[in-house]
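Visitor: Hi! Can you walk me through this one?

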Amino acid sequence: MAAPEQTTPRARVEHLLGRRLRFTLQNETDGERDERVVTGTFQCLDRHRNFILRDASELRIFEGGARRRTLGAALVPGRHLTKIE
């Protein structure tokens with residue numbers, strides 16, 4: 001029986017290119033929590049784990065409400081990522 005193929009991190013990222021992904025980000029500034037969900041088509045990733053998306057939209061969730069907006073092209077900063085789906 002053959003051993004399962006081991007995929008490299010690079011291969012896993014390349015497999016996601018061109019796919020529609022959802023990114024959850026959280027940031028806390030001056031004690032206020034800010035959560036955003038950005039959805040878009042994955043184009044590339046840099047060495048800082050920043051994701052570049054096209055056809056992106058954002059849902060911003062904050063105390064007292066939520067707001068949706070269309071972004072077009074977007075950079076999702078890796079340092080604030082909590083989840084990628």
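Guide: First, a term: a residue is buried when its relative accessible area is under 20%, exposed when that area is over 50%, and partly exposed in between, using a 1.4 Å probe and protein chains only. Next, the ground rules. This is a predicted model, where local features need pLDDT of at least 70, side-chain atom pairs count only at pLDDT 80 or more, and totals for chains, interfaces and linings use all residues. Residues are numbered from 1 along each chain as its sequence is written, and side-chain values use heavy atoms, with hydrogens and water left out.

Visitor: How much of the chain is buried?
Guide: Of its 85 residues, 25% count as buried.

Visitor: What makes up the largest nonpolar core?
Guide: It has 11 residues: Leu-21, Phe-23, Leu-25, Val-38, Phe-42, Phe-51, Leu-53, Ala-56, Ala-74, Val-76 and Leu-81. Two or more residues come from each of β1 (20-29), β2 (32-45), β3 (51-62) and β4 (65-76). By nonpolar core I mean a set of buried Ala, Val, Leu, Ile, Met, Phe, Trp, Tyr and Cys residues joined through side-chain atoms within 4.5 Å.

Visitor: Why would they gather like that?
Guide: In soluble globular proteins, nonpolar side chains tend to be buried together.

Visitor: Pick one. What does Val-76 touch?
Guide: Skipping residues up to four places away in sequence, Val-76 touches Phe-23, Leu-25, Val-38, Arg-49, Asn-50, Phe-51, Leu-53 and Leu-81. A contact here means heavy atoms within 4.5 Å.

Visitor: You listed Asn-50. Where does it lie?
Guide: Asn-50 is in the loop between β2 and β3.

Visitor: Buried or exposed?
Guide: Asn-50 counts as buried because its relative accessibility is 14%. Its side chain reaches the backbone nitrogen of Gly-78 at 3.1 Å.

Visitor: New topic. How many salt bridges are there?
Guide: The count comes to five. A salt bridge is a side-chain nitrogen of Lys or Arg within 4 Å of a carboxyl oxygen of Asp or Glu.

Visitor: Which partner does Asp-55 have?
Guide: Arg-54, with the closest N and O atoms 3.1 Å apart. Asp-55 is partly exposed, with a relative accessible area of 48%. Arg-54 is partly exposed as well, at 38%. Elsewhere, salt bridges with shared partners join Arg-36, Glu-58 and Arg-69 into one network.

Visitor: How far apart are the charged atoms of Glu-58 and Arg-36?
Guide: Their side chains meet in a salt bridge at 2.7 Å, N to O. This pair links distant parts of the chain, 22 residues apart: Glu-58 in strand β3 and Arg-36 in strand β2. Glu-58 is buried, at 5%, while Arg-36 is partly exposed, at 23%.

Visitor: What salt bridge involves Arg-10?
Guide: Arg-10 pairs with Glu-14 at 3.0 Å, N to O. The two are four residues apart in helix α1 (residues 9-16), so about one helical turn separates them. Arg-10 is exposed, at 62%, and Glu-14 is partly exposed, at 42%.

Visitor: Last one. Where is Gly-40?
Guide: In strand β2. Gly-40 is buried, with a relative accessible area of 0%. Leaving aside neighbours within four places in sequence, Gly-40 is in contact with Arg-19, Arg-20, Leu-21, Leu-53, Arg-54, Asp-55 and Ala-56.

Definitions and conventions: Polar contact = N/O pair within 3.5 Å; in protein donor to acceptor, adjacent residues only side chain to side chain.
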